[in-house]
Amino acid sequence: MDGSAKPPFDCDVLVAGGGPGGSTISTLLARRGWRVAMLEKSRHPRFHIGESLLPANIPLFEEIGALEKLRALGRLKLGADFPRDDGSYYTFRFDRALGDTPPYAFQVKREDMDQMLFEHARANGVDAREETAVQRVEFDAAGVTAHIDAGGAKSTLRARYLVDASGRDTLLGKQLKLVERSAAHQSAAMFAHYRGVAWNPDDPGGNIISVNRFAHGWAWFIPLPDGTTSVGCVCKPGYLKTRQGANHDDFMASTLAIVPGAGRRMAGAERVTPVRFTGNYSYACRRMAGPRWILVGDAWAFLDPVFSSGVFLSMYSARRALDVVDGALREPAREAHLQNRYAKHLRQGYARFAWFIYRFNSPVMKALFADPRNVMQVEQGVISMLAGDVFDNRQVLSKLRVFKTIYAIASLINLRRWAADRFDRHRQNRMRVAADAAPE
Ligand SMILES: Cc1cc2nc3c(=O)[nH]c(=O)nc-3n(C[C@H](O)[C@H](O)[C@H](O)COP(=O)(O)OP(=O)(O)OC[C@H]3O[C@@H](n4cnc5c(N)ncnc54)[C@H](O)[C@@H]3O)c2cc1C
């Protein structure tokens, strides 16, 4: 490649972080002929949460040439159950989605998938190094210098471009003070793997993820390839703080005890991993890119995982960032334009997921998910959103707009009902007080 990685550069692109986002963009850049160094602070296989993929992930795996490797280690996922308060549930099956997203996805053990993707990048020519952390970076007019730490040995590495794929560590977000926490949508989670969790009766293959709401948040049940089940509870941070001093296993068990439908599923279950916690985690960085740098995946933003969107958004942003980095290296004058387009496009997709996520626990959304009607194919539009088809499909986007209108009307009716109830209660109270005060 013309002018590529000549001294004083050690590589064309430095990718910080070897999760799904980092491995995806590294592989694709290497396939376009760029010299890529991907540095991962830990060693694969390592535990990671985020085990349920979306159908929209599938074409991305295909594009990087790793679909068959994924198939070999994943468990088929055909849809999602959203249980009702009475313990029954409604299943959204991906084969009913609009457009051409595949009718399936996979559930994975992330330590296996992330290792596979990392090794796949290496097999595609990426200089993929483990136990090597990027500590900080410095930019100058020509490129970027990364200060790195490989098991205590400190050195620097010089590149023409930096991709930050460091996940929730937000390497650049912290260094440039770009991270903004979401005050309105705080959540935290606890999770573990269990053996012997019962499947839902009409899903004997365990192909479906279940998303159960409860008083403090929502819980997931993800059947994994080895027969165990990932079980987790996403709650308001205040609720998780009440565990202080409690045994983690007991706290998880007492929380699951109040999740509708969980008792039946957990009756014969045995925990096989420690209960893990993550703190308050919804945030976004103010900027997604700048001169000679770009953020992908969780390094830019993190949304509540209720629709299992994280790995897809990470790999999708990596795919889109490929065109920015490749274009900027070839024609530096186009960098700002490419970056603006990248940021605008991704913000739109994130916002479409976020709209549903932020309303997920509202009474109206509960009702619409518990008993959906396919009027004007709106339910199928929602299934497409659940499949990850939130970026380009005009048909899906128009159905989502209709859904929003239905939501607004239903909220209004709900509000009037609520106001009428409140007025009634008020009037009854006043009459009671008047009766109590009346002379005998
Ligand atoms: C409770 C919970 C449940 C979730 N459930 C789902 C789900 O069901 N489905 C789903 O799709 N997503 C889920 N997610 C989200 C998912 O975990 C992430 O969105 C996804 O892993 C993002 O991929 P990434 O490559 O951007 O970051 P990561 O997967 O976090 O990878 C980043 C990598 O960078 C490395 N790193 C960090 N800092 C440095 C550094 N300074 N130098 C070098 N390396 C570094 C890390 O070790 C890590 O390996 C969930 C998240 C949470 C918190």
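Which domains does the domain assignment of the protein give? The assignment gives domain 1 (11-51 + 109-182 + 282-358), domain 2 (188-278) and domain 3 (363-418). The model shown in these views is predicted.

**View 1. Domains of the protein.**
Domain 1 is assigned as 11-51 + 109-182 + 282-358. Domain 2 covers 188-278. Domain 3 covers 363-418. The C-alpha centres of domain 2 and domain 3 lie 27 Å apart.

**View 2. The shell around the ligand.**
The ligand is surrounded by 38 residues. The closest are Gly 19, Gly 50, Gly 167, Gly 297 and Gly 310. By type, the shell holds 15 nonpolar, 17 polar and six charged residues. Domain 1 and domain 2 each give at least three residues to this shell. Which helices and which strand each supply at least two residues of the shell? They are helix H1 (20-31), strand E8 (132-139) and helix H9 (310-330). H9 gives the largest share, with four residues.

**View 3. Helix H1 beside helix H4.**
Two packed helices are described by the angle between their axes and the distance between the axes. H1 packs with helix H4 (residues 110-123) at an angle of about 20°. Their axes are 9 Å apart. Angles under 35 degrees count as roughly parallel, so H1 is roughly parallel to H4. The crossing of H1 past H4 is left-handed.

**View 4. Helix H9 beside helix H10.**
Here the partner of H9 is helix H10 (residues 335-358). The two axes come within 9 Å. They cross at roughly 165°. Angles over 145 degrees count as roughly antiparallel, so H9 is roughly antiparallel to H10. Is the crossing of H9 past H10 left-handed or right-handed? The crossing is right-handed.

Strands of a sheet pair through backbone hydrogen bonds, either parallel or antiparallel. E8 and strand E9 (residues 144-150) run antiparallel and are joined by seven bridges. A hairpin links E8 to E9 through four residues. E9 then pairs with strand E10 (residues 153-164), again antiparallel, through seven bridges. E9 and E10 also form a hairpin, with two residues between them. Gly 151 sits in that turn and has a positive phi of about 60°.

Follow Thr 145 in E9 across the strands. Glu 138 stands opposite Thr 145. In E10, Arg 158 is the bridge partner of Thr 145.

**View 5. A three-stranded open sheet.**
The strand order is E11-E18-E21, and the pairing is antiparallel. Why is one side of E11 and of E21 left without a neighbour in the sheet? Strand E11 (179-181) and strand E21 (301-302) stand at the edges, and each has a single partner strand, so one side of each has no neighbour in the sheet. Strand E18 (residues 283-285) is joined to E21 by two bridges. Tyr 283 has Phe 302 of E21 as its bridge partner.

Look at the peptide bond from His 44 to Pro 45. This bond is cis, with omega near -5°. Where is Pro 45 found? Pro 45 is in the loop between strand E2 (36-39) and helix H2 (58-64).

**View 6. The backbone at Lys 177.**
Lys 177 lies in the loop between helix H5 (171-175) and E11. Phi of Lys 177 is near 55°. That is a positive value in a residue other than glycine.

How values were computed. Residues numbered from 1 in each chain as written. Predicted model: local features only at pLDDT ≥ 70, side-chain atom pairs only at ≥ 80, totals over all residues. Pairing = 2+ DSSP bridges. Near = placed C-beta within 6 Å. Nonpolar A, V, L, I, M, F, W, Y, C, P; charged D, E, K, R; others polar. Domains from an automatic or database assignment. Axes fitted to C-alpha atoms, helices over the stretch in contact; angles between N-to-C directions. Parallel < 35°, antiparallel > 145°, perpendicular 65-115°, else oblique. Left-handed = near helix turned anticlockwise from the far one by under 90°.
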